[in-house]
Amino acid sequence: MIKKIFGLFLISLVFMQSVCLAASSVKDFRYSRLKLSAEENYLHMEISVNHKQEKYELQINPNNKKQLILTIFNARLKNDNLRKVKLDGEFADDIKFSEEGNNVKAYISLPTNAAETNYKAYMLDKNKYHRGSSILAVDISKKPAVKHQVSLAAIAGHTIVIDPGHGGSDSGAVGPDGIMEKTVTLAIAKKVDKILRDNGAIVVMTRTTDKDVYGPDATDVQELQARVNVAERTKETDIFLSIHANSFVSPSAHGTATYYYSSSVRGKKLAGFVQNELIAADGLTNRGISPANFYVLKHSSVPAILIETAFISNYKEEQLLTEDNFQMILAQAICRGINKYFQSN
């Protein structure tokens, strides 16, 4: 019995030693600015480890939008000079390394919102310059600006009512980072408004500021009917467009969806065109088009749709919804869908 216990002890000891030996040693760090093209640069960082790193993760710090966290799992920091290193200042300000539990974490501070950058981590193949070490690389570049000009000839002369969901006393859904639905819906709606106007449409917004449409302390029916009334009382309204951000109890819910009233053939047609353009542009999961009895759809006498742009309850999609470029991508896609709807008629 004693021999058996001693044998198990030796096996455990060997196992613990093998785990310790398997841990990566973070030894060195360097960075440089490289070219994406003749006009664009990016920041390239190389972290030297003693063997190929199988498990690592690069993500936005949920507590700081201007910071990325690189986690190197099962690793040790072997160079005290790496605690904090200043970087180029354009793509990143500095990088701080620390041991946390069994992992090494590198905190990369950025001058702008991380959602406005492209970033990736990957292992480089060994070559003679790495002197036997494995290299975990991180690249950071700026997302290209979205072109704000969109040519939409079929929109000219049509009257379109845009309803930015919620507002004033009604925040709508609130994301995990505190972003309110009413804020992003208004930002997207204003971009849609400008594109439509630039292409000759007559546009009426149910609200242009953070306010209730009916007024404070209104019932849900009063507030929603007030939005419908804007379209009903506007001369020759062609379509009604309500912009929202989705939410669900599970933070994993994600994607884009568009709704129409079940008996509206033209509403369904409009929803299909807009949804197709959104999915082609935003890269999110296609949740499709569906009939719904939402008040603003049911009580509109003109073709009406309600767009759930993304899930504000999903951390990644919440961050996207705050990004100016992503809002413009959505706005342009919505306008292209509207343009195709009028072309089809």
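Let's start with a sheet: 5 strands line up in the order 5-1-2-10-9, forming an open sheet with mixed pairing. Its edge strands are strand 5 (75-77) and strand 9 (117-124), and each of these pairs on one side only. Keep in mind that you're looking at a predicted model. In total, the protein chain has 7 helices and 16 strands.

**How confident is the model?**

- The average pLDDT of the protein chain is 89, and 89% of the residues score at least 70.
- Residues 2-21 are another story: the pLDDT there is below 50, and beyond near neighbours in sequence this stretch has 1 contact in the model.

**The chain as a whole**

- The protein chain has 345 residues, and 50% of them count as buried.
- Take the contacts between residues at least 6 apart in sequence: 71% of them join residues at least 24 apart.

- Strand 1 (residues 24-35) and strand 5 run parallel, joined by 3 bridges.
- If you want a spot to look at, find Val26, which stands opposite Leu77 in strand 5.

- Another open sheet is built from 6 strands in the order 12-11-13-16-14-15, and its pairing is mixed.
- Strand 12 and strand 15 stand at the edges with a single partner strand each, so one side of each has no neighbour in the sheet.
- On average, neighbouring strands in this sheet are turned by 20 degrees against each other, ignoring direction.
- Strand 11 and strand 12 run parallel and are joined by 4 bridges; here Ile160 stands opposite Val203 in strand 12.
- Helix 6 packs on this sheet, where it touches strand 13 and strand 16, and its direction makes about 115 degrees with that of strand 16.

**Helix 4 and its residue Ala271**

- Helix 4 (residues 265-282) lies across strand 13, strand 14, strand 15 and strand 16, running at about 170 degrees to strand 14.
- Ala271 counts as buried because its relative accessible area is 0%, and the cut-off for buried is under 20%.
- Leaving out neighbours within four places in sequence, Ala271 is in contact with Thr258, Tyr260, Ile289 and Ile305.
- Ala271 and Ile338 are 67 residues apart along the chain, while their C-alpha atoms are separated by 9.0 Å.

**Helix 2**

- Helix 2 (residues 181-198) passes the length check too: its 18 residues should span 26 Å at 1.5 Å a residue, and its end C-alpha atoms are 26 Å apart.
- Among its buried residues are Val184, Leu186, Ile188, Val192, Ile195 and Leu196.
- The packing partners of the buried residues in helix 2 are strand 11 (159-164), strand 12 (202-205), strand 13, strand 16, helix 6 (315-322) and helix 7.
- After helix 2 comes Gly200, with a positive phi near 90 degrees.

Notes:
Residues numbered from 1 in each chain as written. Predicted model: local features only at pLDDT ≥ 70, side-chain atom pairs only at ≥ 80, totals over all residues. Heavy atoms only, no water. pLDDT = per-residue confidence, 0-100. Contact = heavy atoms within 4.5 Å. Pairing = 2+ DSSP bridges. Helix = DSSP H or I, 4+ residues; strand = E, 2+ residues; numbered from the N terminus. Buried < 20%, exposed > 50% of the residue type's maximum accessible area, 1.4 Å probe, protein only. Expected span 1.5 Å × (residues − 1). Axes fitted to C-alpha atoms, helices over the stretch in contact; angles between N-to-C directions.
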